[in-house]
Each structure stands twice: as C-alpha cells, then as structure tokens.
Amino acid sequence: MKRRPHGRHSEVLAPLRTPDRSRRRLAVKVRFAAIAVLAAVSVLAGVLFVAAQGPAQPARIAAASSSIPLFGSSVGYVGLAQTTAQFGRMPIVRVYYPGLPASNAWDGGAAGANDSAVIVSFKALPADILSGADDATLTHFFDTAPTGHPIYYSYYHEPEDNIADGQFTLAGYKAAWARVAALASAAHNPDLHSTLILMSWDLVKASGRDWKSYLPGGGIISTLGWDAYPVGSATNVNPQPTPPADFMGPCITASNSVGLPYGFAEFGLSTAAGRPAWMTEVGNYLMSSGALFATVFNGVAEYPTLQLTDRASQDVWKGFVAKSAQAQPGPSPAPSSPVTQPTGTTPTPTASMPAPTASPSASPATSAPAASSWVSGLNLSPAQLTGTGSNDTTISFRIGQAADVTVLVLGADGSVVRQIAKPAHTAGLVSVPYYGYTDSHTRLPAGTYKVLIVASNGSGSASAETTLSISAP
C-alpha cells in the first residue's frame, strides 16, 4: 500500500517543501564538488563518503548500555504525557519531523522532551540538502543535541516508495545522507548515531527490492533501523499476530550480514484481538534479539487501530519498558513536561510478510574510518582537448589502496555529464583515456569542465579534481 510521499506521521512540527516536477528533472547543482561526485559513485559502487568533511561518524558504539534493548513508543499522536501514563517512564522515544527539525528540538521540542534516548527522523529533498540550503538548520540541530544518551537520527526514513515514485533518485538520496552525516560529525557529539531506517518489506522477495542498494557505504551509516509489521497490520486488512521471528528475524539477519548494529523503530499489531499475548511474545523475543532499541508504533489518525487502546496490551508493554529502564545504569531523569504537537499528514505503516525464521544474535558495532587523501598525482595530458571526437586526453592519477574508482566529468552547473567506472582497481597508477563525449555518446560543446576522481573501498573514500578545457575543432 502506497504511502503519502510527503510524510508518514501526525507529529508535524515543520512543513516539508513540496518538490516541483520540473526541478526533479534537472541535474542537482552541487555546492561542494566532492558531494556531486559521490552522488554518481553511489550508482556504480554503492559507496559514499565526504572526504573533505572529515570522518563520517565518531568512533563510538551506537548501542544501549545493556544487553536489553531500549524499549519505548512513538509519541506525538497520543502525546508524551499520555504515552508515559500508559507505559511508564520510557528509556527511548520515537519522534518524527515531516520536514526539517524544529529549532527548539532539544530545548522544549519533541526530540528532547522526554530527556532520554531518542530515534528522531526528519525530511528534506536531497536536492535541497545537496545545495547547502539546509546546512544552517541541520548544523544547529546537531550542535545543540545533548550528550549522555544515544540519539539515533535518521534522514528521510523509509525512502523506498519516494524513490520508486520518482520524487528523488537513489543516488541523490545517498549523496544527501553523506552530507547530513558530515554535518553531524562536525558537531563532535559521540552520542549522535546515523541511522538508516528501512521497511522490513524490502526483505520479502515479492518486493523486488535489494535492501542493500539503499545503504550508503564508506562508514556513513552507523546503525540500521527497521519498521517491521506482522501480516496485515500495514494495511489493516486481516491483521494476524505473526510470530516475531517471521517478521523481525529477517531484519536481524540482514543487519548481521553487513555488521551493523540494529533496532526496530516501528512495530505493532493492527487489532486488539490476541494482542496482549502477541505483545508478550514480541517483547520476549526482543529481550534476547541483540537489538539496540524497539519502539512500538502507537497509532496515527489514519491508522488508529495500531494504537494500544486496550489496557491489557498497555500493561504488557509497560512491563517490558520497566525491565528496560531498570537494566540501564544510572538514575533515570524525572519526566519532562509534555510537548503539544499539531497534527498533520500520516503514513501507511510498512507492509511485512512472513519470511524464513532467523536466529537473533548480537551484531558488532563498527567504527567509521577517518578521511584520507590517497588519490594523488592527478594529471590531464593534454589539459586542453580539441573536441573533434577522435582526440583524447589521458587522465592519470595514483591510488594508494585497492579501490573502486570512478572518473567523472562535471558541467558548469555541477551535473555529471560523463562517468567512467574502474571497479576493483589495484593500488598504483590509473590511466583513463577520455574523448570528450557525454554518457549519451554526444560530443561535449566547447567550455570548461571539471574532472573529479573518487576512489572508495571498505575503509572510506578519497577524491581529487582538476580542470579540463574543451575547444572547438
């Protein structure tokens, strides 16, 4: 079932800019050339990293303080005060911004209201992120974020349908993630954890999706979050209390396959019939799942059946929340005053179907590598090419490590006009002839172009750039 493209939840604090179709057809004008390069590289190698911005993430485990996950709930539709009354003091809450984060997110806003760990998501079009237009807002958000508990921040959670519908491209999404993570890294807050939130539906064969295609490489993502629902609850059509191993187990297996810590940002059963027993089964499963967090989705206006309105289900989850809170070291802070949030557009929860059972196991945290400059000696011979179509310039450079290499030629507006991939290239000299053609095999007009090199591997990425002049024959 398709979701509304501009938002999933009623926790509306800021409007999302509506994209106009003509702008989506244009190439993104990139403020920083390195990020424009990475947008194209993501298509070829699935690896993105902003080398000029420094490390993608602080080298700190994005984990709860105990083996028991942080348990909590979404807040906003019901409200923090009522949710706390239902489940008790929660070690973690799920907060949604359908646009950019509010300026008071941490000081009176929803993200900081519970004074606890938080899974917080926000949205902006990749073109706007890449242009730098949102830098100030995001820098303020990250710079003012508190320390002392994990903050799992997510840029444009569940982007799959938006990409499929053509609202933005997968390459642009990955490139925007790279810029967002770089801004977060600049805050030097070890409690900020970049969290890619995807649908568990991606893991079902019928979806036709490869979930890894949405995962930026190069250490940009430190944590995976999954929105996982049992059969029928996403559409509220014959919801079934599916065993958690069937709809959560594949998420754990997928996360372990890439060595990333994981948690469940949403789950829920869209019927009260049998829900208390199902909540007990899910809670027990999560206790030993290795997940960092699990937040129940406590309903929205369009999907009220996901709200835990029955006291029995509330009490079950309240018990698990209490166990989670008790397992965390240190005193729990006093509950904060509730934040009133206006309502807005709401989502369709992600569909989930049974998949093979997987045994849960804890996954190791990974540290993001620091940026390094191991692309050197970039040279064009000649640096001015006569555009006859038969002349060429030799683009040569050295890479200090074996890597996937991409050579890109950018137009004056920052758009990629030609990309040449050299996957799995050994360390040493790389030499590429270029005849002045575009990717569509037309000759470039006379003008000045930028040649950009990106080399990426498991330890990160590096880039170099120079200028190419093309003259009329």
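User: How many bridges join strand 3 to strand 4?

Analyst: Strand 3 and strand 4 run parallel, and Ser154 in strand 4 is the bridge partner of Ser121. Helices (H or I, at least four residues) and strands (E, at least two) are DSSP runs numbered from the N terminus, and two strands pair if DSSP finds at least two bridges between them. The number of bridges that join strand 3 to strand 4 is 5.

User: What pLDDT do side-chain atom pairs need in order to count?

Analyst: Residues are numbered from 1 along each chain as its sequence is written, and side-chain values use heavy atoms, with hydrogens and water left out. This is a predicted model in which totals for chains, interfaces and linings use all residues, local features need pLDDT of at least 70, and side-chain atom pairs count only at pLDDT 80 or more.

User: What share of the residues in the protein chain is buried?

Analyst: A residue is buried under 20% relative accessible area, exposed over 50% and partly exposed in between (1.4 Å probe, protein chains only). The secondary structure of the chain comes to 12 helices and 16 strands. Of the 473 residues in the chain, the buried share is 58%.

User: Is strand 4 (residues 151-155) buried or exposed?

Analyst: On one side of strand 4 lie Ile151, Tyr153 and Tyr155, and on the other Tyr152 and Ser154. Both of these faces are covered. Because 5 of its 5 residues are buried, strand 4 is largely enclosed by the rest of the structure, and the answer is buried.

User: Which residue of strand 5 is the bridge partner of Tyr152?

Analyst: Strand 4 pairs with strand 5 (residues 192-199) in the parallel sense, over 3 bridges. In strand 5, the partner of Tyr152 is His193.

User: What is the handedness of the β-α-β crossover from strand 1 to strand 2?

Analyst: Strand 1 (residues 70-74) and strand 2 run parallel and are joined by 3 bridges, with Gly72 opposite Ile92. Between these strands the chain passes through helix 3 (residues 80-87). A crossover is right-handed if, with the strands pointing away from the viewer, the path from the first strand over the helix to the second runs clockwise. By this criterion the crossover is right-handed.

User: Which residue of strand 3 stands opposite Ile92?

Analyst: Strand 2 (residues 92-96) is mostly covered, with 5 of its 5 residues buried. It runs parallel to strand 3 (residues 117-122), and 5 bridges join them. Opposite Ile92 stands Ala117.

User: Over the ring of which residue does the charged end of Arg94 sit?

Analyst: Arg94 points the same way from strand 2 as Ile92 and Tyr96. A charge sits over a ring if NZ of Lys or CZ of Arg is within 6 Å of the ring centre and within 35 degrees of the ring normal. The charged end of Arg94 is 3.8 Å from the centre of the ring it sits over, that of Tyr96.

User: How are the rings of Trp106 and Phe141 arranged?

Analyst: Rings of Phe, Tyr and Trp (its six-membered ring) pair if their centres lie within 6.5 Å; planes under 30 degrees apart count as stacked, over 60 as edge-to-face and the rest as tilted. A search of the whole structure finds 21 aromatic pairs. The centres of Trp106 and Phe141 are 5.1 Å apart and their planes are at 25°, so the pair is stacked.

User: How are the rings of Tyr153 and Trp177 arranged?

Analyst: Tyr153 in strand 4 and Trp177 in helix 8 (residues 170-185) are 24 residues apart, and both are buried. Their ring centres are 6.0 Å apart and their planes are at 40°, so the pair is tilted.

User: What is the relative accessible area of Tyr156?

Analyst: Tyr156 lies in the loop between strand 4 and helix 7 (160-164). Its phi is near 50°, a positive value in a residue other than glycine. Tyr156 is buried, with a relative accessible area of 0%.
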